[in-house]
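Let's walk through this structure together, starting from its overall surface and moving in to a few side chains. Have the viewer open as you read.

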Amino acid sequence: MNNLDDEILELLVDDKQEEPEKTIPCIPLRGLLIFPNTVLHFDVGREKSIKALEAAMNNDKLLFVSSQKDENVLIPTKDDYYKVGTVVKIKQMLKIQGDTVRVLVEGLYRAAINEVVTEEPFISVSLKELKSTPLDNEDIELQAMLRVVMNTFEEYLSLNTSIKADLYDLTEIMDNPEMIADTIAIQLDVDISKKQEVLEALDIKERLTVLNRIIFEENQILRLEKQLSEQVQENVKQNQKEYYLREQMKAIQNELGFGEDAVSEAKEWEEKLKALNLDKKIEEKVLKEINKFTKMMPSSAESGVIRNYIETIIALPWNKASRINTDIKKAEKILNEDHYGLDKVKERILEYLAVIHLSKGIKGPIICLVGPPGVGKTSIAKSIARATGREFVRMSLGGVRDEAEIRGHRRTYIGAIPGRIISSIKDAGTNNPVFLFDEVDKIGSDFKGDPASALLEVLDPEQNKEFQDHFLEIPFDLSNVMFITTANSTDTIPRPLLDRMEVIEVSGYTEEEKVKIAQRYLIPKQMKAHGLKKKNFAMSEKAIRELINFYTRESGVRNLEREIGSLCRKVARKIVAKKAQSYRITPAGLENYLGKHRYRYDLMKDESEVGVTTGMAWTQVGGDTLFIETALVPGSGKIELTGQLGDVMQESAKTAITYIRSIASEYDIEEDFHKKYDLHVHVPEGAVPKDGPSAGVTMFTAIMSTLTGIPVRKDVAMTGEITLRGRVLPVGGIKEKVLAAHRAGIRTILLPAENKADIDDIPQSVRRQLNFVLLEKAQEALKYALEESKGL
């Protein structure tokens, strides 16, 4: 319909049989459309429209009316009303309240605006009369279409009782299909845009088709409305019936004495509420809910919500707390019994207990244990609860996206329940448990809210004293709770949330620590789980080391425990088969139980090579060593970087080359080497992506070795980033990197000078076997890394 007006005007221009243009006043109508051969009245109040009426009355009483596209437009322009409308003749004018005029008009014929002549002081337009196509009353198709429209309209009248129309009036004009279509269209209770479609259809068959489609769509809507209305009425009748039966049942229960149950239950709640000694405002609020419950039907949905609300408040441990164990020696013994290593975590817990012993009013700390999977973050939280004498509560936040999980649901919803924090504390039975939020780095958010933001109040010591759950709507003191969170990384934890927690890094275990953990905890645990006794199963220390190094690769001990469990199952099967009653696992026998080695570690090279350096890398499963190889070939100065290097490592290589060019003269390197030769830097195992800001020194040393022809010592490994001025920047993961280098047989470690403090984190047994060299400038690495330092 958008281009129909323009098509009609083009048709008029080409039609030489049309009447000459007429210029008459125009009134845009709001929410109204007038068809030819109809008499209708409407009110006129706009100043321009009243002046247009006066101009028409002073001439031939003819007026052009067209419907507005948007009836909310108060001062329409030529683009705000349709080009196709109706020429009407004013039959009567009557001035009513104020300046409003009521006018009675008769529709004469369709017309289209050719041009808007004036817009002030009123709208006047030049028109072309639109004549319908000639009618053939003997046309069978036309007669059929007319009958279909009449039947459809008859159904419309039966469905829409608000329309008062008489079909017998239409039968009198059956010989004029055009007049029938217009008469039906004006009576339809539809949008103006749909009536405009009928007005703009000049061909009578097209007009009847459009009209039939509109009425058919309305009939479908009316049938659906009728169906929904009947359903609502049926539901109302059912509700009235149920209400009547409930009232009868209530009367019967009162006669039998059953109605006293709610009253006695309410009295029991009131007694328990007084015993809690809550704040006066809280007590008044709960008493009000109890009083409301006694006046409600027990079977109503709201009654169930109120019952849950009252019982939750009464069951909460408002004044009940666990007696905290302040015996530091006993707590230390418990922590050491449960875990090997984790000295920083244990030290922080013992400090907390010492402060509790001295100061009774300290608030619970909020600790965030960050480390790779399997290092014992969750289990240490349980040990903390046991060591401090508190109850233990755990809530996993992985994948939680609904804020209601934290704050609870508001009681406006049927089936509303408190949040998991309040529910967990209720289940714990004390107001000072150890509360573990597991996987806090994997919390999500969506249209239901942001749980991370809700946690801000929970984990803020200044706010959680008056934590308000949406279900309770009263404050509950969480300041005595000892909150512990765990995460694999702090990168995905929102900064405001991370700011409220004390982060303790739980790095991976060393090989020595894993051996001790396996001997003290994992092997006894798996033997008990599989029904084995000491005489049935034994494992040598060398076999444990073999299992750690070649069958698992992880920072923690989760997979190590699985492999030990696998060994126990295989031994259990052999015992049941009565092959033997005692088995000792040795390194040679591991392959028979678990198959070939699954992992390998880079070992120190057999001999020193030119252009090959040993670097150190940090991974999610601990440290590792990697070799960086460089080669120089005649060419045009191209730089090839291969081995799936990330953007950061590629930048490190380019920085090293630029720095070498700036100091080439100091080492008798050709100043134009970057023009005469192609340099290729490769990191083996090309299928494994590699990236990180710690390969600068390693690449610098490898390239310098290639350019000078001096081999790099095979027992030296290094890490550190460099700048264009050759300064060595600090990097992370020092402990894991050094342990990997030590495992590979390296004995000299080159580290950035600013990482000196990280050396203390390395186990003393490892430190004694290594020689650490601290670098401030990249050139210092050459003195210790290259075999021949002459001229360097």
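The accessible surface of the protein chain comes to about 41300 Å², and carbon and sulfur atoms account for 48% of that; such areas come from the Shrake-Rupley method with a 1.4 Å probe, and for residues only the protein chains shown count as cover. Please keep in mind that this is a predicted model, in which local features need pLDDT of at least 70, side-chain atom pairs count only at pLDDT 80 or more, and totals for chains, interfaces and linings use all residues. Residues are numbered from 1 along each chain as its sequence is written, and side-chain values use heavy atoms, with hydrogens and water left out.

Of the 792 residues in the protein chain, 46% are buried (under 20% relative accessible area with a 1.4 Å probe, protein chains only; exposed is over 50%, partly exposed in between). The chain holds 27 helices and 24 strands, which are DSSP runs numbered from the N terminus (helices H or I with at least four residues, strands E with at least two). Take the contacts (heavy atoms within 4.5 Å) between residues at least 6 apart in sequence: 73% of them join residues at least 24 apart.

Now to the rings. The whole structure has seven aromatic pairs, counted when ring centres of Phe, Tyr or Trp (its six-membered ring) lie within 6.5 Å; planes under 30 degrees apart are stacked, over 60 edge-to-face, and the rest tilted. One of them joins F153 and Y156, and it is stacked because the centres are 6.1 Å apart and the planes meet at 20°. These two residues sit three apart, about one turn, in helix α3 (residues 140–159), and both are buried. A tilted pair is formed by F435 and F483, at 5.8 Å centre to centre with 40° between the planes. It links distant parts of the chain, since F435 belongs to strand β9 (residues 434–438) and F483, 48 residues apart from it, to strand β12 (residues 482–487). F435 is buried at 0% relative accessible area, and F483 is buried at 1%. Ring pairs also bring in F437, giving a cluster of F435, F437 and F483.

Finally, where does V506 lie? It is in the loop between β13 (502–505) and α18 (511–529). V506 counts as buried because its relative accessibility is 4%. Beyond its neighbours within four places in sequence, V506 contacts L342, V345, L369, V370, G371, P372 and V375. With V375, 131 residues apart along the chain, the C-alpha separation is 7.2 Å.
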